Amino acid sequence: MSEISTLPATVVRAGDKRYPALSRGFNQRWIAEPEYVRLVRTPEEVRAALGEAVREVPEDPARTRITVRAGGHCYEDFVCGEDVRVILDVSPMCGVSYDGSMKAYCVEAGATNRHVYGHLYPVSGKALPGGSCYSVGLGGHVPAGGFGLLSRQYGLTVDYLYAVEAAVVDEDKNVRLVVARRDDEDPRLRELWWAHTGGGGGNFGVVTRFWFRGLPQPPEQVLLTALAWDWKEFTKDEFATLVTAFGEYFRDHQDPSAAAGKLFAMLKLTHVSNGQIGLLAQVDVDDPDGHRAMAGFIAALDGRIGPSATKIRSVMGEHFVHMDVPRVMPWLTATQVLNSRGENRCGKHKSAYLRKPFTERQITAMWTYLGKERYTEYANKQALIQVDSYGGAVNRPPYRTAARQRDSILKVQYQVYWPKHDPREDTHIAWIRDIYRATFEATGGVPVADGEITDGCYIGYPDVDLNDPRWNTSGQSWETLYYKDGYAKLQEVKRYWDPCNVFRHAQSIRPGTGR
């Protein structure tokens, strides 16, 4: 093979061995057949590639969308769908550096959580309080208002966003790169910055770079705990006690300056066929009260129920941590331990913000549909409700952002996974729809925004069922469930910065009517 035949080629079409891998993402339900995938390596390449794409005539009139791929973790078909014509893949853009002119750390949009943690922290001692799944790309994670295990202590990723660069398309289909700063003199640019602080990814342009100021120093050491309880030992009352205790603990510990307020935990309420309910927890032990906080948290849960705590024996969603005893380790090491082990499978996801602990009615619905009374013959170890601790510093934002849910104590992710070509696919989807609708039956099958208990949904876990009146009878649209009172402003940003609606999908921001 000659050297010339192995030179980098950034346009990948059908027939290229790379094409199948680059036309899909984490969720194997969605596999695209685009005219081509273009890998872009610099902001200028993004501008040029987008300019070419918007001027091209589609070969297939049924495929017209231009989408952007970073880590490939979109749960719906927004990036890889049947109607996609071009995928711009920014994953080669993964630089992490300090920008002296901005007085901020610059991270390119194709960098994954793993890359940022592994490259930013060793050279700076700083961290972005992002998610635990290593392969998620920042291009989607940050604009959604990304959160992770450090967020109760330090807030959301967008609370540190100082500036964003994006390639945008004007009404004449001209493409330019713009940098929008938090303190920009131009109000239109300030609005564009704001829209990237929770307005969702892929709505306004192609993000190329982020700049972050004031990033926190993570703890030198954290205490990590992983344990489980066997489902067979639970009665309905024991289950209710565990779920209630989890919610009440985080309701009562919301001070991010206290060790208990820094503690982050995930409760894994799996379908009974998994065999276990799991718990992962992490606390800052640079804080002298860290060990005491973890002991108090475990006592608040395990001490109130009869089932005996044991080891986690199986994968639960996107995590598997098997430890004999709680372990103190450096923050970066712990972050690597918690790295998602989830395979690239087919899946369906739903979400909820909770302002108060689950009600008795909601807990009964979860108990029922986790296989104790309904779906008793359903066997899927990877069907679960993951309840994450929330609030703390998240609920004390330093700036007004498009991430509007800022007084919740829990964030919930409904998950179900299955292998490609599984003949039970319809059953898996039916299960997650049924348990979600039953949990929030009192409010139209969804966790309504600004409700007494709930506060809508997270755009980072998109769910097109929210558009469907069969599954959403709440009277609140998906726009309200995700964005609350911020949606009208997002529409105006969309109208100005993407007037041709180039960046569109089933739950994209719709352009406003002008002002």
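Visitor: How do the residues of the lining of the largest pocket divide into nonpolar, polar and charged?

Guide: First, a word on the source: this is a predicted model, where local features need pLDDT of at least 70, side-chain atom pairs count only at pLDDT 80 or more, and totals for chains, interfaces and linings use all residues. Residues are numbered from 1 along each chain as its sequence is written, and side-chain values use heavy atoms, with hydrogens and water left out. On a 1 Å grid over the protein atoms alone, a pocket is an open set of points with protein on both sides within 12 Å along at least five of seven lines, a cavity is a set where a 1.4 Å probe fits but cannot get out, and lining residues have an atom within 4 Å of a point. For the classes, Ala, Val, Leu, Ile, Met, Phe, Trp, Tyr, Cys and Pro count as nonpolar, Asp, Glu, Lys and Arg as charged, and the others, Gly among them, as polar. Here the lining has 6 nonpolar, 1 polar and 4 charged residues. Glu56, Arg85, Lys173 and Arg504 are among the lining residues.

Visitor: What volume does the largest pocket have, and what about the second largest pocket?

Guide: A volume is the space filled by probe spheres set on the grid points, which are joined across faces, edges and corners. The largest pocket comes to about 200 Å³, and the second largest pocket to about 160 Å³. Of the 14 residues lining the second largest pocket, Thr359, Gln362, Ala442, Thr443 and Ile453 lie nearest its centre. Its lining divides into 5 nonpolar, 6 polar and 3 charged residues.

Visitor: How many cavities of 30 Å³ or more are there?

Guide: The count is 6. The second largest cavity holds about 110 Å³ of space, and Tyr117, Gly130, Leu149, Trp331 and Thr335 are the closest to its centre among its 13 lining residues. That lining has 7 nonpolar, 6 polar and no charged residues.

Visitor: Now the cysteines. How many disulfides does the structure hold?

Guide: A disulfide is a pair of cysteine sulfur atoms within 2.5 Å, and the structure holds 0 of them. Take cysteine 74: its closest cysteine sulfur, in cysteine 80, is 8.3 Å away, so the two are too far apart for a bond.

Visitor: And salt bridges: how many does the structure hold?

Guide: A salt bridge is a side-chain nitrogen of Lys or Arg within 4 Å of a carboxyl oxygen of Asp or Glu. There are 36. In one of them, aspartate 287 pairs with lysine 262, their closest N and O atoms being 2.9 Å apart. Aspartate 287 lies in the loop between β12 (276–284) and α9 (290–302), and lysine 262 in helix α8 (residues 259–262), so the pair ties together parts that are 25 residues apart in sequence. Helices (H or I, at least four residues) and strands (E, at least two) are DSSP runs, numbered from the N terminus.

Visitor: Are aspartate 287 and lysine 262 buried or exposed?

Guide: Buried means under 20% relative accessible area, exposed over 50%, and partly exposed in between (1.4 Å probe, protein chains only). Both residues are buried. In another salt bridge, aspartate 422 and arginine 424 meet at 3.6 Å, N to O. There, aspartate 422 is buried at 11%, whereas arginine 424 is partly exposed at 35%.
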